[in-house]
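Here are my notes on this model, as numbered points. Please read them with the structure open.

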Amino acid sequence: MAAAEQDVVKVLCGKAKDVTFFKDHIEILFSDRITANNKEKADILPKKGYYNCEISKLLFNVLESFDVSTHMKQLVCVPEGEGIMCAKSLNMIPLEVIVRNLACGSFCKRYGIKNKTILAQPIVEFCVKDDDLGDPFISEDVAVALEYATKLQIRQVKYLALRVNEILKTYFTLRLLILVDFKLEFGVDGSSQIILADEISPDTIRVWSAVTGESHDKDVYRNSITFEPEKVIARYAEVLVRLKEDPVLENVHFNLTYPIVIFSGSESDNQIVEKVTFELKKYQFPFVSKVVSAHRNPEKLRKFVKQTQPDAKVYICIAGLSAALPGVVSAQVADLKIPVIAVPVASPPMNGMDALLSAVQMPPGVPNLVVGLNNGRNAAIAAIRILTV
Ligand code: C5P
């Protein structure tokens, strides 16, 4: 990549990658350096940079196809065989975000748990990105108190990390790989969007073969007494081969979780739905949206509400005229104590007064939270606030 030297703002050399900062982008060189246990072990593993860069590119592309924004710039020509990624400049959040599906590594030591214990639910942990301190574990409250991230950012990062996990776990399983745990890093762009950054490679994930149970990641290096570069690189290379496989995707269900569910009474409400989704996308909150009328399809609505449990944490219901949708959903989730935000829609002949009163005048004990007529944006903002208090 030819770039005039004077365009370079600075160069940072990390343990395994070198980052060159330009005015409007960065270039990440994935080196062949490999280290473990905070540099207690350090070696050169030929071709590791190439494999890590290729695997990261592939996985970032997969995630982008599921609307997860990554720092990778798509339209960049990288010379074949070089481990270089061109990426967006971000203001990095100085936290390492660890997601775990199975107990392994430091988690087992910390809690005295047997290796490979299946966790009842995936977990997200935070560590401070600081080699001198040994990347210590940090609670969400401490991270906010020390201003490493805002409470909203912590919540967004958690949702994104779990979403990345759901997507990658399924993607790996289909290729006979088990995604055990991994580390992510996030940054903030000029418009305050949280963007997935850094890399996702065998250096930063634990991945086992579903067939042999063997590790295909840095543990092969970390846990061996003698350094066998051929053995380590062969395991990395196999991850790339497997991830490039194209299994039949028919009937595959990506078990994605959606904390926000949007229901609208009719296709004619789509403009209001778009106001909601525009705002949610801006903050990268995962949502699912369905058109279903409480009056015309009460059974279908009941089924949808059931399907969205237990993941849904807030419902946004958009409806005009007698606007039963928010009230009916409120009634159905009253026992679960899940908030329902109603967006009354203005339509003739009463220009929304009908929908507004219908949404507001709920019986005591079964509240709708009502935003202004057609105000999808406020509904989205209110939902995000509910999820981040
Ligand atoms: O060491 P620990 O078990 O906490 O690591 C969990 C996951 O996060 C592993 O996949 C590991 O490779 C990754 N990790 C990382 N960089 C760190 C710490 C952990 O890539 N500094």
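1. Domain bounds here come from an automatic or database domain assignment. On that basis the protein is divided into domain 1, residues 5–244, and domain 2, residues 260–387. Please keep in mind throughout that this is a predicted model.

2. How far apart are the centres of domain 1 and domain 2? Taken over C-alpha atoms, 37 Å separate them. The contact between the two takes 11 residues from domain 1 and nine residues from domain 2.

3. The size of an interface is often given as the accessible area lost when the parts come together. For domain 1 and domain 2, the area buried is about 850 Å². Carbon and sulfur atoms give 55% of that area.

4. In the side chain of Glu96, an N or O atom is 2.9 Å from a nitrogen atom of the ligand. In the side chain of Arg100, an N or O atom is 2.8 Å from an oxygen atom of the ligand. For Asp181, a polar side-chain atom lies 2.7 Å from a ligand oxygen atom. On its own, the ligand has 450 Å² of accessible area, and the protein covers 81% of this.

5. Now the backbone. Most residues other than glycine have a negative phi, and most peptide bonds are trans. Leu176 is not a glycine, yet has a positive phi of about 60°. Leu176 lies in the loop between α4 (151–173) and β11.

6. One joins Gln309 and Pro310, with omega about 5°. Pro310 sits in the loop between α8 (298–307) and β16 (314–320). Another joins Pro348 and Pro349, where omega is also about 5°. Where is Pro349? Its place is in the loop between β17 (340–345) and α10 (353–360).

Notes:
Residues numbered from 1 in each chain as written. Predicted model: local features only at pLDDT ≥ 70, side-chain atom pairs only at ≥ 80, totals over all residues. Heavy atoms only, no water. Polar contact = N/O pair within 3.5 Å; in protein donor to acceptor, adjacent residues only side chain to side chain. Areas by Shrake-Rupley, 256 points an atom, 1.4 Å probe, with all protein chains shown as cover. Contact = heavy atoms within 4.5 Å. Buried area = accessible area lost by both parts, 1.4 Å probe. Helix = DSSP H or I, 4+ residues; strand = E, 2+ residues; numbered from the N terminus.
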